[in-house]
Amino acid sequence: LENIKVLAVQLQYLRDYTGSSVSVNSGYRSPAHNKSIGGVKSSRHTKGFASDITIKGYTPDEVYKLIQDLISKGKILQGGLGKYKTFTHYDIYFDGKNIRRW
């Protein structure tokens, strides 16, 4: 999917910016796999828009704040951003009006 390529460019920017490795815990998911792990039917992962990541040397809170800052400065694409206990969700889906944060 073309979306995966666009998302990969954003993640590479994060890697270059931080100088640290970016680990993708979950990227594209087939609808069947997404269902089997309890993902919501409308998951951005099933369209190649989303990634759940960690960055070596950064907490999920720090990754969340870093991505939010880079989005606000126009360095990476606007999209969904979620903070979890062990990872940060970042996706490149944006409908032009609803900024999704959790």
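Student: Which strands does helix H1 (residues 2-18) lie across?

Tutor: H1 lies across S1, strand S2 (50-55) and S4, running at about 15 degrees to S2. This is a predicted model, where local features need pLDDT of at least 70 and side-chain atom pairs count only at pLDDT 80 or more, while totals for chains, interfaces and linings use all residues. Residues are numbered from 1 along each chain as its sequence is written, and side-chain values use heavy atoms, with hydrogens and water left out.

Student: What does helix H3 (residues 60-72) touch on the sheet?

Tutor: H3 packs against S2, S3 and S4, and its direction makes about 160 degrees with that of S3. Angles run from 0 to 180 degrees between N-to-C directions, with axes fitted to C-alpha atoms, for helices over the stretch in contact; contact means heavy atoms within 4.5 Å.

Student: What makes S3 and strand S4 (residues 88-91) a pair?

Tutor: Two strands pair if DSSP finds at least two bridges between them. S3 and S4 have three, in the antiparallel sense, so they meet that definition. Lys83 stands opposite Thr88 in S4, and the two strands form a hairpin with four residues between them. Strands here are DSSP E runs of at least two residues and helices H or I runs of at least four, numbered from the N terminus.

Student: How do you know that S2 pairs with S4?

Tutor: Count again: four bridges join S2 to S4, and the two run antiparallel. One of the partners in S4 is His89, facing Asp52, and Ile53 stands opposite Thr88. S1 and S2 are also antiparallel, joined by four bridges, with Val22 partnered by Ile55 in S2.

Student: In what order do the four strands sit in the open sheet?

Tutor: The order is S1-S2-S4-S3, with antiparallel pairing. Strand S1 (22-26) and strand S3 (81-83) are the edges, since each pairs on one side only. On average, neighbouring strands are turned by 30 degrees against each other, direction ignored.

Student: What makes both faces of S4 count as covered?

Tutor: Thr88 and Tyr90 are buried on one side, and His89 and Asp91 on the other. In a regular strand, side chains alternate between the two faces of the sheet.

Student: How many residues line the largest pocket?

Tutor: There are 13, with Ser43, His45, Tyr84, His89 and Trp102 nearest its centre. A pocket is an open set of points on a 1 Å grid where a 1.4 Å probe fits, with protein on both sides within 12 Å along at least five of seven lines; lining residues have an atom within 4 Å of a point.

How values were computed
Buried means under 20% relative accessible area, exposed over 50%, partly exposed in between (1.4 Å probe, protein chains only).
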